[in-house]
Amino acid sequence: MDSKGVVQIMMESFGADLIEQLRRNLGDAFQAVSGENLDWGALLVQILGQLLVSVIYLGVFLGVYLILIAAIRLGLGERRTKTPLYIQMRSGLRYLAGLGALVVILAQFGVSPEVLKAMARAGFMVLGFYVVWVVFRRLIKEGTSRYRMDPSIRQLVENLFAVIAATLAVVTVLAQFGFDVVSIIAGLGIVGIAVGFAAQSTLSNFIAGITLLIERPFRIGDWVTINGQEGKVVKIALRTTWLRTRDNIFTMIPNDSVASTDIINYSAEGVTRLNIPVGIAYKESAKAAREVLMPVLLAHPEVLQGAGMEPRVLLKSLGDSSVNLEVKVWITPDNLDVRPRIMADILEQMKEALDAAGIEIPFPHLQLFIDDAKGLKPVLEPFYRLRG
C-alpha cells in the first residue's frame, strides 16, 4: 500500500474516533442534566418533527397574511394601495403574522405558557405604541400644514415624541416579563445622570438644537453661511444641523457650534441683492459705461425690476489701475440655488457689451519713473546714444 492510502486510512480512523468522542461527550452532558440516557435516534426524530410542524405553522400564517392582503387590495382598488394608510396597514398585518408564527413555533420547542403569554402581550403593546405613533405623526403633519407652521417645529415635536414613545414601549415590554418598572425607571434616572456627565458635549448639542428650533435663526430650505460654510439647510436635528453645499456635498455641523457662531441667512428677508464688481480704465467715462451696462441688466430675465429694486451701476472707488464700478441687482429667493450661475451670466454679458462699445477693462499694471538715477548711468548711456 502506498503512502497516500495509509494517510487516507489514518484520516478516516481519526474522523470516526472524533465523532464517537463528541457523541459520547454530548450523551454524558445530557445525562448529567436530565438524569436519563440520550437516545440519538429519538432525539433526531423529535427535532425533525418539531421543525416540520413549525414549517407548517409558518406556511399557514403566511397563507392567511397573503389572503388578507389580497382581500384588502381587492376592496380598496389598485389606486388606493399606493397610499401611506395601506402601506402601514400591510406592515401591521405582516407584524401580526410574524408574531403569531413566532409564538406558535416557540410553543413547539417547549417554551412555558407564561413566557408565551408575556411575549404575546408585549407584541400587542408594541403594535399599540406603533399605531399611536402613526396617528400622532399624521395629526402633527395635518396640524402643521393647516396652520402653516415651520417644518423645524414639526421635526422637533416628532423627535421628542419618538424618544418618549420608545422609552415607554421598552419599559412596558419589560414589565410583561416580570421586571420591576419602578426599579427600571430609577435605574434609568441614575444611568441618565452618569451619562449626562460623560456626554456633556452631546447634551450641549441637544440643548442647542432645541434652542435653534425655538429661536429659528434659519429654517429648512434657507441658504445660510455657518462657520464659513455656505449651504442650504436640509435638516435641523436635535444634535446637528445638515447643510447641502452648491457642490451637492452634505455637511453636518454640531448645534453647539452653530448656536455659538455668526449665522448669515440669505433667505430670511426674501429677495436678495447681488453686488458684482466691474473695472474700467481711467480714460473711460463711468457715465458711458453705465449707459452700456444698464440695457444688459434690464434685459436679463432673472433680474428684478420692481419699485425699490431697480438695477443700478454705481461708482464705488478709484483703484490703483482702474475705476471700480459696482453693479447691484436683485433676485428672488427661488434663484438663490443658482446665484453663482446668475452672477457669472451677468458678468459675461457685461464684458461682451463693454468690448462691443470699445470701453477698456484694464488689468493691473505699474509704471516706473526714474529721476536722477546716477547709479544706472553706465547702463543706460549706450541706450541713450542709440536713440540720439
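**Close-up views of a predicted model**

View 1. F218 is found in the loop between α7 (200-215) and β1 (223-226), where helices (H or I, at least four residues) and strands (E, at least two) are DSSP runs numbered from the N terminus. This is a predicted model, in which local features need pLDDT of at least 70 and side-chain atom pairs count only at pLDDT 80 or more, whereas totals for chains, interfaces and linings use all residues. Residues are numbered from 1 along each chain as its sequence is written, and side-chain values use heavy atoms, with hydrogens and water left out. F218 is buried, with a relative accessible area of 2%; buried means under 20% relative accessible area (1.4 Å probe, protein chains only). Leaving aside residues up to four places away in sequence, F218 touches L212, V224, I226, V233, I236, T241, V258, I263 and N265, a contact being heavy atoms within 4.5 Å.

**View 2. The largest nonpolar core.** This core has 23 residues, and those with the most contacts inside it are L297, V327, V329, I346 and M350; a nonpolar core is a set of buried Ala, Val, Leu, Ile, Met, Phe, Trp, Tyr and Cys residues joined through side-chain atoms within 4.5 Å. Two or more residues are given to this core by each of β6 (272-280), α9 (286-299), β8 (323-331) and α10 (339-356). Apart from it lies another core, of eleven residues, among them F218, I226, V233 and L238. When residues up to four places away in sequence are not counted, L297 touches V303, Q305, P311, R312, V313, V327, V329, I346 and M350.

**View 3. Helix α10 and its buried side.** In α10, the residues R339, I342, I346, M350, A353 and L354 are buried. They cover an arc of only 95 degrees around the axis, which puts them on the same side of α10, the arc being that of the directions from the helix axis to the C-beta atoms. The buried residues of α10 pack against β2 (229-236), β6, α9 and β8. Just after α10, G358 takes a positive phi of about 75 degrees.

**View 4. Confidence along the chain.** The mean pLDDT of the protein chain is 79, and 74% of its residues reach 70 or more, pLDDT being the predictor's confidence in each residue, from 0 to 100. Among the elements of the chain, helix α1 (residues 3-34) has the lowest mean pLDDT (60) and β8 the highest (93). Where pLDDT is low, the predicted coordinates should not be read in detail.

How values were computed. Buried means under 20% relative accessible area, exposed over 50%, partly exposed in between (1.4 Å probe, protein chains only).
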